Amino acid sequence: MSVDPRVERANLWVVCAAQFLTLAGMTAILPLIPLYLQHIGVTERDAVRYWTGILGSAPFVVAVFATPIWGSFADRVGHKPMVVRSVFGIAIATVGMGFSGSPVALLGWRALQGAVSGVFPAAVALLSSSTPPERAGRALAILQSARAAGSLCGPLIGGLLADLLGMRLLFFGVGALATVTALLCAVVLSEPRDHAVRSGKDTASVSQRDLLADRATLGMLALLVLFQVMIMSSWPSLALFVEKIGVPRESVATTTGMVIFVAGVPAMFISTAWARLGTRFGVEPMMLLSLVLSGASYAAVGWLVHRVETLFVLRLLSGVSLAGFVPLSFHWLGMRAPESARGRMAGLASTAMMVGNVIGPLLGGWLAVHLDLAATFYVPGAALAVIGLAFAAVSAVRNV
């Protein structure tokens with residue numbers, strides 16, 4: 001692959017900036033959904049919990065069907081237009097949420113957000129087409145670091161602004177930020193012309209059915225689903241969990257943001273370390289190690305946390321393990337796909353994550369109502385750790 005180094009660097013940093021800004025905006029909102037529901041008049045506790053689960057899942061239900069379509073479309077027309085389209089769509093949907101006066105209206109805008117989603121798979125495919133293979137793993141790890149930085153800064157900033165300025169102004173600010181980000185992508189991003197021509201000619205030669213015919217690929221996609229189920233089970237009700245362990249009501253939003261910030265700090269710096277470990281010891285063993293440690297650390301939060309100080313410590317430890325799995329799994333899947341089908345493979349991987357994002361909040365809402373808020377951590381965490389150990393054992397036997 002012959003790539004202009006200036007194009008490679010510009011694409012990497014602009015895509016990382018886009019991921020940081022969009023993730024910061026979106027994660028500034030998600031943990032505060034229970035508080036926003038109360039702000040617009042939903043006050044009964046179980047109703048807040050159920051609506052939180054539904055609203056947390058809504059964009060991902062739609063995205064499950066939309067993301068593969070966008071991935072296939074990107075392989076035909078290019079990945080840059082998909083990045084710009086998605087970020088502009090996020091801007092429109094977020095402003096609409098700020099105008100919502102009922103849970104139903106909020107649900108509609110959240111569904112639209114899912115319909116226009118697809119920044120991450122398009123970004124992965126764009127970087128793959130403009131980065132030499134020997135540096136692709138590092139580029140994806142840097143991208144994951146940017147995502148992690150956005151995910152951790154967003155809730156902290158969102159919590160502070162919600163407490164200081166109010167919930168509606170938070171939505172409008174996020175929409176404005178996404179608009180600026182989309183303009184930046186439209187002006188700066190560049191896709192190699194030879195890749196676009198080649199993709200247009202070769203895209204019909206490899207279908208999604210061909211990609212899914214590989215059993216190992218199916219297994220990796222299943223692990224991505226389970227990983228996201230674990231993460232998303234606790235996210236929508238995290239503010240309620242923080243309130244339950246004794247944080248004063250007026251400080252819940254800010255503390256929730258700080259809890260997410262603490263977990264994300266390691267991911268900013270450790271994703272590249274996971275990539276180096278994958279290069280040295282193998283991508284698959286490092287993926288499974290990250291998976292098992294992530295499940296165990298999440299389960300520990302549910303079992304051991306009764307004070308906010310303990311929550312901060314365990315979330316910091318879990319951030320170390322969470323940083324590795326997604327970039328390593330996307331790299332692993334990208335290596336198994338032909339170059340002309342990387343957009344579709346990234347779309348399939350992103351769809352798997354969306355499926356987990358659908359199941360996770362619904363499972364979390366059910367666990368919060370029928371067991372307790374701590375169960376949103378220990379049930380999926382323990383299950384993921386066990387499944388990760390089982391996959392590791394199968395992999396070890398296969399390699400003997």
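1. Basis of the note. The model is predicted: local features need pLDDT of at least 70, side-chain atom pairs count only at pLDDT 80 or more, and totals for chains, interfaces and linings use all residues. Residues are numbered from 1 along each chain as its sequence is written, and side-chain values use heavy atoms, with hydrogens and water left out.

2. Overall form. The chain holds 17 helices and zero strands; helices (H or I, at least four residues) and strands (E, at least two) are DSSP runs, numbered from the N terminus. The C-alpha trace spans about 55 × 50 × 35 Å along its principal axes. For 400 residues a compact globule would have a radius of gyration near 21 Å, and the 20 Å of the chain agrees with this. That radius is taken over C-alpha atoms, and the globule rule is 2.2 Å times the number of residues to the power 0.38.

3. Burial and contacts in the chain. Of the 400 residues, 58% are buried. Buried means under 20% relative accessible area, exposed means over 50%, and partly exposed lies in between (1.4 Å probe, protein chains only). Among contacts between residues at least 6 apart in sequence, 86% join residues at least 24 apart, where contact means heavy atoms within 4.5 Å.

4. Helices α4 and α8. Two packed helices are described by the angle between their axes and the distance between the axes. Helix α4 (residues 80-98) packs against helix α8 (residues 167-188) at an angle of about 165°, and their axes are 8 Å apart. This makes α4 roughly antiparallel to α8. Axes are lines fitted to C-alpha atoms, for helices over the stretch in contact, and angles run from 0 to 180 degrees between N-to-C directions. Angles under 35 degrees count as roughly parallel, over 145 as roughly antiparallel, 65 to 115 as roughly perpendicular and the rest as oblique. The crossing of α4 past α8 is left-handed, a term used if the near helix is turned anticlockwise from the far one by less than a right angle, with right-handed used if clockwise. Among the residues in this contact are V83, V87 and T94 of α4 and F171, V174 and G175 of α8. By class, the contact has 16 nonpolar, five polar and two charged residues. Ala, Val, Leu, Ile, Met, Phe, Trp, Tyr, Cys and Pro count as nonpolar, Asp, Glu, Lys and Arg as charged, and the others, Gly among them, as polar.

5. T94 in α4. T94 lies in helix α4 and is buried, with a relative accessible area of 1%. Not counting residues up to four places away in sequence, T94 touches I29, Q113, F171, V174 and G175. T94 and G246 are 152 residues apart in sequence, and their C-alpha atoms are 31 Å apart in space.

6. Helices α4 and α6. Helix α4 also packs with helix α6 (residues 119-130): their axes come within 9 Å and cross at roughly 155°. The two are therefore roughly antiparallel to each other, and their crossing is left-handed. K80, M82, V83, S86, V87 and I90 of α4 meet V119, A122, A123 and L126 of α6. This contact has eight nonpolar, one polar and one charged residues.

7. Q19 is placed in helix α1 (residues 5-29) and is buried, at 1% relative accessible area. Apart from neighbours within four places in sequence, Q19 is in contact with V119, F120, L143 and R147. W70 lies in helix α3 (residues 45-77) and counts as partly exposed, at 24% relative accessibility. Residues up to four places away in sequence aside, W70 touches M82, R85, A115, V116 and S117.

8. Helices α11 and α15. Helix α11 (residues 215-234) and helix α15 (residues 308-335) pack at about 155°, with axes 11 Å apart. They are therefore roughly antiparallel to each other, and α11 passes α15 in a left-handed crossing. The contact includes M220, L224 and F227 of α11 and F325, S329 and W332 of α15. Its residues divide into 14 nonpolar, two polar and no charged.

9. S297 in α14. S297 lies in helix α14 (residues 283-304) and counts as buried, at 12% relative accessibility. Leaving aside neighbours within four places in sequence, S297 is in contact with S318 and S321.
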